[in-house]
Each structure stands twice: as C-alpha cells, then as structure tokens.
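Dear colleague,

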Amino acid sequence: MRLTVIGTGYLGAVHAACMADVGHDVLGVDVDADKIAALAEGRPPFYEPGFADVLQRALASGRLRFTTSLRQAAEHGEVHFVCVGTPQRAGSQAADLTYVDAVVDGLAPHLSGPCLVVGKSTVPVGTTERLAARVAALAPTGVRAELAWNPEFLREGFAVEDTLRPDRLVVGVTSREADETLRRVYATMLEAGVPYISTDPNTAELVKVAANSFLATKISFINAMAEICDAAGGDVVTLADALGHDTRIGRRFLNAGLGFGGGCLPKDIRAFAARARELGVGTAVEFLDQIDEINQRQRSRTVALARRMVGGDLTGRVVTVLGATFKPDSDDVRDSPALAVATELHRQGADVRVHDPEGAANARRAHPQLACGADLLTACRGAEIVLHLTEWAQYREVDPVALARVVREPVLVDGRNALPHDAWRAAGWTVKALGRPARAARPSYVRSAEPLRATIASPAAESDRAGAMAVPPGGRA
C-alpha cells in the first residue's frame with residue numbers, strides 16, 4: 001500500500017521505516033529539512049537500537065522516501081499516518097494539539113480522492129470526531145477522506161520491536177472500509193498472531209492514556225511503599241518481590257526508585273486528568289494528581305538522601321551522576337529524573353559531573369551549567385559521592401573495586417535499586433537506596449523471590465510501553 005507518515009520524530013521515523021520494511025511504499029514528511037535530509041541519507045537523528053539498520057534497509061529497497069511537501073504526501077498516500085507531538089500546553093496540564101491541527105489543516109486541502117487519515121499521536125478523547133469534521137470541511141474529496149485513530153505503544157529502546165511485533169494493535173474506526181484498510185496495512189502483524197482490537201475512535205483514544213495512567217500508578221505505588229519502608233525500616237525490594245508473586249499484581253514495573261520521566265508518561269497523565277475535568281468527571285481521576293506528586297517527590301527525596309550522605313551540605317562537594325537520559329538505550333533527556341536531580345544538586349552548590357553513554361551531548365545542550373561527558377572514569381575522578389540514576393547496562397557491569405580507586409570517597413546512592421549492593425559494599429563502598437535499610441538482609445525463607453526477579457526487566461529497561469515519543473514535525477525525536 002502507499003502510505004505517508006507525517007512527522008518524522010521518534011514515533012514517525014520508526015513507523016515509516018518499519019512500514020517500508022514490511023513491504024509498503026512509504027513517504028515520510030516533516031517540516032524540518034535537515035532532519036529529512038539526514039533520514040534520506042540513512043542517518044538517524046536520534047539514538048534507538050536497531051533503527052539505523054531498518055532505516056538503511058528500507059531506503060535500499062526503494063520503498064522509503066522523504067519530503068517536506070504535504071502536497072506530495074496527499075498525492076502519494078492511500079493512508080496518511082499523523083505522528084506529530086502533543087506536548088503539554090504552556091501554563092496548563094492539557095495537551096497542546098497545535099501540531100496535530102496544523103497537519104490536518106495543511107494536508108486536507110490537497111486530498112482530492114478517497115483516503116484514510118490515521119492519527120497515532122496521543123490525544124484527548126474526542127479529538128478524532130473534531131478533526132473528522134475539519135477534514136470533511138477542508139478536503140476537496142469531502143467525507144471520502146475518512147479519519148481513524150490508531151494509538152502507538154512504543155518503548156524507547158525497543159521501538160523497532162514494538163512496531164514490527166507489537167503486543168496489540170488498537171484501531172478506532174467509524175466504517176468497515178476503514179477497518180479493512182488498516183487490516184491491510186498491518187497484515188504482516190496479523191498473520192503473526194498479533195491481537196487486533198477494532199473499536200470506536202473515543203475508546204481507541206482512551207486506551208493509550210488509560211494504559212499510561214495505569215502504568216504510572218503502579219510505578220508510583222511502589223515508590224510510595226519505599227517511603228513507608230524508609231520510615232518503618234522495611235526493604236522495598238523484598239516487599240515488591242513478595243507482591244509480584246501475586247498473579248493479580250505481577251512484578252513488572254514494581255521497582256522502587258527515582259520514578260518515571262520522558263516526553264510522554266508525565267504529560268500524558270496530566271492531560272488525561274485535564275480532559276476528565278473538561279468532561280465534568282475530574283473526580284474520577286483525582287488520584288492521578290497524587291501519582292504525579294509521588295513521582296516528583298522521588299526526585300527531591302533522592303537529593304535529600306545525597307545531601308545526608310555527604311554530611312548535610314552539598315556546597316563544594318564533588319558529585320558524579322551516572323545517567324542523563326530518562327531511561328537507558330536512548331539519548332532522550334526530556335523530563336529526565338536523572339537530570340532533574342543533577343540540576344538541583346548543582347543549584348545547592350555541588351560540583352556536578354554527569355556521565356551518560358548516549359545522552360551526554362543532549363544533556364550538555366539542555367543544561368550547559370553541568371559538566372557532561374561520555375568517559376566514566378573521568379566523570380568519577382575525585383567524586384565524594386556517586387549517584388546511579390539511569391539504569392544503563394554499562395553501570396551494572398562496572399567494577400566497583402576499580403571505581404573506588406578513582407573516587408575521593410566511595411559513597412553510592414543507587415537511585416534505581418539496580419546495582420549489586422553486596423558487591424559494591426565488599427569493594428568498600430557505602431551504599432544507600434530509597435526504601436532499603438543500610439544493609440538489606442534477605443533471610444533464607446524468602447529466597448524464593450530471587451528466581452522471580454531474575455526473570456523480569458527493570459522499569460527503565462521496560463520503559464513506558466504506553467509512552468512513545470510523538471513530536472512535532474521538526475521536533476527533536
């Protein structure tokens with residue numbers, strides 16, 4: 001089929017390359033000419049494992065091209081995917097639909113024949129209905145330009161896998177023809193047995209924000225339990241292991257730590273609450289405000305813990321922060337909890353050095369007051385405290401004995417509860433983490449929890465599957 005993908009940020013670029021990879025004729029569209037030129041040359045504008053290979057393979061096949069022209073898009077496509085960003089509106093918790101509206105207003109006047117416009121961006125419920133009327137009014141083909149919604153569920157670091165082998169496909173349609181068209185688009189996935197849920201547009205829009213809200217709730221719940229553990233002397237890791245054996249709860253995303261961030265999950269739960277208030281049912285999701293508060297509080301609690309670990313005053317202290325991105329396997333620093341902590345440490349007078357395998361350059365651009373680099377030993381040299389804040393595999397593989405030789409004081413705050421604390425302590429480090437006693441003891445009678453933990457991924461590794469990176473044309477990623 002002939003597809004267009006409008007918006008080639010994180011979501012759109014991956015979607016375009018993967019759709020071409022499975023056999024469709026795809027035209028990617030963006031207002032950012034530099035980004036379009038880079039993609040056309042096979043150079044990804046962001047870091048995502050496996051994406052460069054898919055992009056180059058799709059280009060070599062001749063099934064993927066790029067343009068800045070919405071007129072060319074209208075002429076090319078039978079199906080037009082809208083993959084632009086819906087950031088938080090300035091001065092409000094609501095979603096800013098400026099970029100989605102701009103795509104519709106720019107594309108619709110060129111739609112002269114039957115086609116399907118499919119939104120993938122995360123939007124407030126009711127958006128499809130509003131935009132459908134707009135398309136019908138602006139398009140020369142009128143109501144033959146139909147609108148549908150197909151929310152994305154990508155995880156940064158796993159975006160190619162999640163596009164080619166998603167755990168479900170959800171489409172919101174108003175006609176059998178639209179449903180059949182989308183079944184053709186995703187035929188490869190359907191043949192592989194991917195669940196396909198066809199529903200109305202309002203329900204499809206709600207699926208994404210409801211999924212994100214549930215995920216955020218689970219993460220913040222265990223972080224609230226970490227606060228209780230700190231007050232009561234419990235161990236939140238053992239608590240989570242025990243809860244995770246309950247099949248009604250499960251262990252995934254039940255990992256206490258610094259909390260969630262990124263360009264989607266925080267702003268999406270705020271936008272969901274804002275839309276609920278607009279609909280007159282705000283009390284139904286008032287708990288999301290508490291979820292957001294708990295998540296933000298983990299950042300200040302981490303700063304307070306670091307301050308206590310160095311004697312109560314950060315002024316002049318040399319602090320190394322391991323991690324700048326909001327999660328591993330990404331260079332995305334938007335609303336990064338790690339950088340939020342780093343900047344607050346700096347504000348309180350610390351000499352902060354930030355290390356990240358992929359996100360150092362973006363962190364430096366976003367926060368030039370911080371010293372950001374890609375050399376781990378240099379970042380740690382002379383440190384009086386080290387904070388582990390983004391769960392890169394590289395940090396789990398660090399030799400704590402070797403690192404102890406370059407720091408001034410072997411003091412570690414594990415903000416992700418992910419490092420092997422016993423090994424670090426054996427190497428002479430003082431280790432502390434939120435929700436855990438100074439030296440967590442695991443009695444023999446609860447060792448049954450260990451196999452469970454060995455089979456699950458951390459929240460950072462899993463990421464917010466419901467929170468992919470939709471951005472405006474010309475946005476970063």
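A polar contact is a pair of N or O atoms within 3.5 Å, where, within protein, one must be able to donate a hydrogen and the other to accept it, and where residues adjacent in sequence count only if both atoms are side-chain atoms. Please keep in mind that this is a predicted model, in which local features need pLDDT of at least 70 and side-chain atom pairs count only at pLDDT 80 or more, while totals for chains, interfaces and linings use all residues. Residues are numbered from 1 along each chain as its sequence is written, and side-chain values use heavy atoms, with hydrogens and water left out.

With that in hand, we can start with Arg353, whose side chain reaches the backbone oxygen of Arg381 at 3.0 Å. Arg353 belongs to strand E10, residues 351-355 (strands, E, of at least two residues and helices, H or I, of at least four are DSSP runs, numbered from the N terminus). Arg353 counts as partly exposed because its relative accessibility is 22%, given that buried means under 20% relative accessible area, exposed over 50% and partly exposed in between, with a 1.4 Å probe and protein chains only. Leaving aside neighbours within four places in sequence, Arg353 is in contact (heavy atoms within 4.5 Å) with residues including Val318, Thr320, Ala371 and Arg381.

Next come two helices. The axes of helix H10 (residues 201-232) and helix H11 (residues 236-244) come within 9 Å and cross at roughly 135°, where axes are lines fitted to C-alpha atoms, for helices over the stretch in contact, and angles run from 0 to 180 degrees between N-to-C directions. H10 and H11 are therefore oblique to each other, since angles under 35 degrees count as roughly parallel, over 145 as roughly antiparallel, 65 to 115 as roughly perpendicular and the rest as oblique. On the H10 side the contact is made by Phe221, Ile222, Met225, Ala226 and Cys229, and on the H11 side by Val236, Leu239, Ala240 and Leu243.

Finally, which backbone angles deserve a second look? Most residues other than glycine have a negative phi. Phe253, although not a glycine, has a positive phi of about 65°; Phe253 sits in the loop between H11 and helix H12 (265-278) and counts as buried, at 10% relative accessibility. Asp335, also not a glycine, has a positive phi of about 45°, and Asp335 is found in the loop between strand E9 (318-322) and helix H14 (337-347).

Best wishes
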